[in-house]
Amino acid sequence: MSDAVELEPTGAAVSIDLMMLLDGVKRKIKSVPAAEYEELSLACGVSVRTLYGIIADRRMPSLPTFQKLCNHFAITVEVATHKQVLPPVVRPI
């Protein structure tokens with residue numbers, strides 16, 4: 001699998017809710033022995049390189065990759081419909 005599709009660039013803007021979920025996913029990945037990362041990779045459809053990049057805080061997973069990891073670890077989140085609330089537009093008088 002290509003990391004270009006699985007990862008967002010470092011410093012990509014992400015909401016705080018997704019950051020908390022990502023911390024949970026990182027803990028789940030880290031709980032798996034490194035010797036079993038190949039198996040984890042095959043089971044969730046994410047490359048081993050991507051798994052290491054995520055837990056090392058080098059890159060953020062793309063939304064589809066994040067959804068795959070959440071699905072694998074049974075973390076309920078619908079990333080595709082997560083919407084950021086923007087402040088109302090102030091119009092000059």
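Visitor: Which residue forms a salt bridge with K26, and how far apart are the closest N and O atoms?

Guide: A salt bridge calls for a Lys or Arg side-chain nitrogen within 4 Å of an Asp or Glu carboxyl oxygen. Here, in what is a predicted model, K26 pairs with D57, and their closest N and O atoms are 2.1 Å apart.

Visitor: What parts does that pair tie together?

Guide: K26 sits in helix α2, residues 16-31, while D57 is in the loop between α4 (48-55) and β2 (60-61), so the bridge links parts that are 31 residues apart in sequence.

Visitor: Is K26 buried or exposed? And D57, buried or exposed?

Guide: For this you need the cut-offs: under 20% relative accessible area is buried, over 50% is exposed. K26 has 11%, so K26 is buried. D57, at 54%, counts as exposed.

Visitor: OK, on to the fold. How do the elements of the protein run from the N terminus on?

Guide: Read them off in order: α-β-α-α-α-β-α. That's five helices and two strands.

Visitor: What share of the contacts with a separation of 6 or more comes from residues 24 or more positions apart?

Guide: The figure is 68%.

Visitor: Which residues touch the most other members of the largest nonpolar core?

Guide: The idea is to follow buried nonpolar residues joined through side-chain atoms within 4.5 Å. The largest such set here has 18 residues, and V25, I29, L40, L51, F66, L69 and F73 touch the most other members. Helices α2, α3 (37-44), α4 and α5 each give two or more residues to this core, with α2 providing the largest share, four residues.

Visitor: Say I click on L51. What does L51 touch?

Guide: Leaving aside residues up to four places away in sequence, L51 touches I29, Y37, L40, S41, V46 and L69.

Visitor: Which residues of α5 are buried?

Guide: An α-helix has 3.6 residues a turn, so residues three or four places apart point the same way. In α5, residues 63-72, the buried ones are T65, F66, Q67, L69 and C70. After α5 comes A74, with a positive phi near 60°.

Visitor: And the protein as a whole: what percentage of the residues is buried, and what is the accessible surface?

Guide: Buried residues make up 37% of the 93. The accessible surface is about 6400 Å², and carbon and sulfur atoms account for 60% of that.

Key
Residues are numbered from 1 along each chain as its sequence is written. This is a predicted model: local features need pLDDT of at least 70, side-chain atom pairs count only at pLDDT 80 or more; totals for chains, interfaces and linings use all residues. Side-chain values use heavy atoms; hydrogens and water are left out. Buried means under 20% relative accessible area, exposed over 50%, partly exposed in between (1.4 Å probe, protein chains only). Contact means heavy atoms within 4.5 Å. Accessible areas come from the Shrake-Rupley method with a 1.4 Å probe; for residues, only the protein chains shown count as cover.
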